[in-house]
Amino acid sequence: MTSTDKEAMDLRAQIQQYLVESGNYERISNKLAQRLLDEGWMEQVKKITRETMEDDNTTNFSEVLKRVEPEAVNLVSSNTKDEIMQQIKAFLYDIVDTQ
Amino acid sequence: MTVASEKMSSLTIVSVSETIYNNLITSMVQDIVSRITSQKQLLDSRYPDMSPLFYDPQGKLDIHGQPKIQESSIYFRCNNCDRDISANRYAAHLERCMSRGNRKT
Ligand SMILES: [Zn+2]
């Protein structure tokens, strides 16, 4: 790992920590959860999980997750994703000193 | 907190935002999958022979895959007079049967 990679990772961790400590992580997370519930994403992911357990005949968490996760991530509406990304970016512009 | 701008050159705000967004979404997926899989594990261990509820797209059969039974062919024993009464006449029977009982006492 180069020193810039290391710096980048440290920075990422630092930002995440500040996001959590300031209470913003929870606020954004709650908002995302509410949007996903409202648009039916939560129910859809539950359904896909049940179907995957049925199709692959397994209840193993990692096996099911591996199949469900990519599809679930894709199923988020672009409205919701854009809105949440806007909030995160706004938070970052506030704390990061860009030139 | 202020981050020095030269450190930001390797990382754009957008890519950090993407990472944070991905962490949020994947932790939600993990949460759902872990709840559903452990629920199923619990059900399987408690009721090993459990079959899923029956679904009839035509809406004619019930959750056991059975057709509707005519209520007139089912009989309930009346506790008041000890007679077997057709299920769809039970309420009407009670009205008469109970008032007769009251008069007796
Ligand atoms: Zn009776």
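This is a predicted model: local features need pLDDT of at least 70, side-chain atom pairs count only at pLDDT 80 or more; totals for chains, interfaces and linings use all residues.
Local features need pLDDT of at least 70 and side-chain atom pairs count only at pLDDT 80 or more, while totals for chains, interfaces and linings use all residues. Residues are numbered from 1 along each chain as its sequence is written, chains are lettered from A in the order in which they are written, and side-chain values use heavy atoms, leaving out hydrogens and water.

Q: What area is buried between chain A and chain B?
A: Buried area is the accessible area (1.4 Å probe) that two parts lose on being put together, summed over both. Here 44 residues from chain A and 34 residues from chain B take part in the contact, meaning heavy atoms within 4.5 Å. Carbon and sulfur atoms give 77% of the buried area, which comes to about 3800 Å².

Q: Which side chains meet in a salt bridge?
A: The rule looks for a side-chain nitrogen of Lys or Arg within 4 Å of a carboxyl oxygen of Asp or Glu. Across the interface of chain A and chain B, that turns up 1 salt bridge. With 3.6 Å from N to O, the pair is Glu18(B) and Lys81(A).

Q: Is Leu43(B) buried, partly exposed or exposed?
A: Leu43(B) sits in helix α2 (residues 13-46) of chain B, helices being DSSP runs (H or I, at least four residues) numbered from the N terminus. Buried means under 20% relative accessible area, exposed over 50%, and partly exposed in between (1.4 Å probe, protein chains only). Leu43(B) has 36% relative accessibility, so the label is partly exposed.

Conventions:
Helices (H or I, at least four residues) and strands (E, at least two) are DSSP runs, numbered from the N terminus.
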